[in-house]
Amino acid sequence: MTLSFPVEKDCRHIWTPFTQAQTASPPLLITEGKGAILKDANGREYLDLISSWWVNLHGHAHPAIVQAIAEQASKLEQVIFAGCTHEPAINLANSLASLLPGDLGRVFFSDDGSTAVEVALKIALQYHRNMGDTRRTRLLAFEGGYHGDTFGAMATGGRSGFFDAFAPKLFPVDFLPFPATWQGDSAVEEKEQASLAQLDLFLTDHGQETAAIILEPLVQGASGMRMNRPSFIRQVCERVKAAGVLVIFDEVMTGFGRTGTMFALEQVGWTPDMICLAKGLTGGFLPLAVTVCQEYLYEAFLDDGFDKALAHGHSFTANPLGCAAALASLRLFREEDTFRKIETIHQTHQAGLIALENLNLPHLDRFRLCGTIAAFDIDVADAGYRAGIGKIIREKALEHNLLLRPLGNTVYLLPPYCLTAEVLRDTWNRISRIIEELDV
Ligand SMILES: *Cc1c(COP(=O)(O)O)cnc(C)c1O
């Protein structure tokens, strides 16, 4: 196969993330994005149905965010964030605090989802130490949870199946079974009770030694858009809280409308001690993340000496361009009635899932939906992230001008909110055709 000149150069010097380069198809050379459409160097258009790895919200190159970044860049592009501050950061912290419930309003800035998680874990561990409790050093997480690719995040995502090469260097974490559920799942209650029973046992033995639990509320993203019921998460939170364990919601993927509400915590009906946000924070324009804490956690770090302070920070902490983009993105939620668009996507997804289910294809299973995320599984012998079927579907989808990236045998749609009902209906029709033509 002859590659166009720039793509050949990509293959010469670039190491692509989460990719086995030896067997991967050459990457698409994308030159433009507009709304839900990405255009390649040959002028071919693709619908971005995965919001460019779950980051885009309002569409590519949205003029309001473009303008906000340009204006900010011409005023102040970056400044050290210790000893200096700036209006975009102040305004963003205030906006986030007003969107989040209760005392969840002390904002620590970082760069991406992984760093937001590292910060949360460090705050949790140091909080107990600062309070004079040196026993609470264990961390609790869910099997299948994914929290990023840095070491602390990998340790808490240790059962996601991605990090076996580093297992000897990951600190120990305790894992709970995750009661994944879907439409028409008759065993959900049973699975949840089994998980809660295990949690109770764990808390009896180790509750006093546990610093925090970290979890993805409503949807485990990377392990295959595995969904759970809000009532289950609430019960987990109630039980661990009663044992003095901090609750960290990793809403890096679920935040900013993905699950149908601004944050998944609204549906869970629980205010966690900390929340991690990244991906959609800037509308998908720039890397920026926050770990937002309840005020009492912050207060436990105040002291005359430095020892109790949080010794953490990054070069680009609270980058003004990222903050300006985030503020513009939050404004768009109000100005473009984004939650109406989210509701339309939800309804259209549901119709698409039902139509697909009604085709009665024998190998389709576990149809599920949460806000703007729709998913189903293809039952294959080599199920899981490495399933070959995912790659086949991706290639077939490209022929239909759709950009998908199945998580192994899980096919999902997670589109930008600007996608219209008409285009999404057509997308579901095309997906049905792709699936029907599969040779499974
Ligand atoms: C993507 C993701 C992360 C990691 O975020 P990065 O920006 O890729 O570092 C953490 N947690 C969840 C739930 C995610 O989906």
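View 1. With a relative accessibility of 0%, Cys-276 counts as buried. Keep in mind for this view and every other one that the model is predicted. A disulfide is a covalent bond between the sulfur atoms of two cysteines. How many disulfides does the structure hold? The count is 0. For Cys-276, the closest cysteine sulfur belongs to Cys-293 and is 8.7 Å away, which is too far for a bond. To form a disulfide, the two sulfur atoms would have to lie within 2.5 Å. Cys-418 is in no disulfide either, and the nearest cysteine sulfur, in Cys-370, is 20 Å from it. Cys-418 counts as partly exposed, at 25% relative accessibility.

View 2. Let us meet the neighbours. The residues around the ligand include Trp-54, Asp-112, Gly-113, Gly-148, Glu-216, Val-252, Met-253 and Lys-279. Ser-114, Tyr-146, His-147 and Asp-250 also belong to this group. Sorted by class, the shell has 4 nonpolar, 4 polar and 4 charged residues. Which side chain has an N or O atom 2.6 Å from an oxygen atom of the ligand? That side chain is the one of Ser-114. In the side chain of Asp-250, an N or O atom is 2.7 Å from a nitrogen atom of the ligand. Tyr-146 takes part through its backbone: a polar backbone atom there is 3.5 Å from a nitrogen atom of the ligand. Taken alone, the ligand exposes 380 Å², and the protein buries 84% of that.

View 3. His-147 is among the residues around the ligand, and its place is in the loop between strand E5 (138–142) and helix H6 (151–156). Is His-147 buried or exposed? At 3% relative accessibility, His-147 counts as buried. The side chains of His-147 and Asp-250 are joined by a polar contact of 2.7 Å.

View 4. Strand E13 (residues 364–370) runs antiparallel to E14, and 5 bridges join them. Asp-365 stands opposite Asp-377 of E14. The hairpin of E13 and E14 has 2 residues between the strands, and in this hairpin Gly-371 takes a positive phi near 60 degrees.

**View 5. Strand E16, paired with E14.** E14 also pairs with strand E16 (residues 410–413), in the antiparallel sense over 4 bridges. Which residue of E16 stands opposite Asp-377? It is Thr-410. The bridge partner of Ala-374 in E16 is Leu-413. Both faces of E16 are covered: Thr-410 and Tyr-412 are buried on one side, and Val-411 and Leu-413 are buried on the other.

View 6. Strands of a sheet pair through backbone hydrogen bonds, either parallel or antiparallel. In this view, 4 strands form an open sheet with mixed pairing, in the order E1-E2-E3-E15. Strand E1 (30–34) and strand E15 (402–403) stand at the edges with a single partner strand each, so one side of each is left without a neighbour in the sheet. E1 pairs with strand E2 (residues 37–40) in the antiparallel sense over 4 bridges. Gly-33 stands opposite Leu-38 of E2.

View 7. Ala-318 is not a glycine, yet it has a positive phi of about 60 degrees. Ala-318 lies in the loop between helix H10 (295–299) and helix H11 (320–335), and its relative accessible area of 0% makes it buried. Asn-401 is not a glycine either, and its positive phi is about 65 degrees. The place of Asn-401 is in the loop between helix H13 (388–399) and E15. With a relative accessible area of 26%, Asn-401 is partly exposed.

Technical notes. Residues numbered from 1 in each chain as written. Predicted model: local features only at pLDDT ≥ 70, side-chain atom pairs only at ≥ 80, totals over all residues. Heavy atoms only, no water. Pairing = 2+ DSSP bridges. Near = heavy atom within 4 Å. Polar contact = N/O pair within 3.5 Å; in protein donor to acceptor, adjacent residues only side chain to side chain. Areas by Shrake-Rupley, 256 points an atom, 1.4 Å probe, with all protein chains shown as cover. Nonpolar A, V, L, I, M, F, W, Y, C, P; charged D, E, K, R; others polar. Buried < 20%, exposed > 50% of the residue type's maximum accessible area, 1.4 Å probe, protein only.
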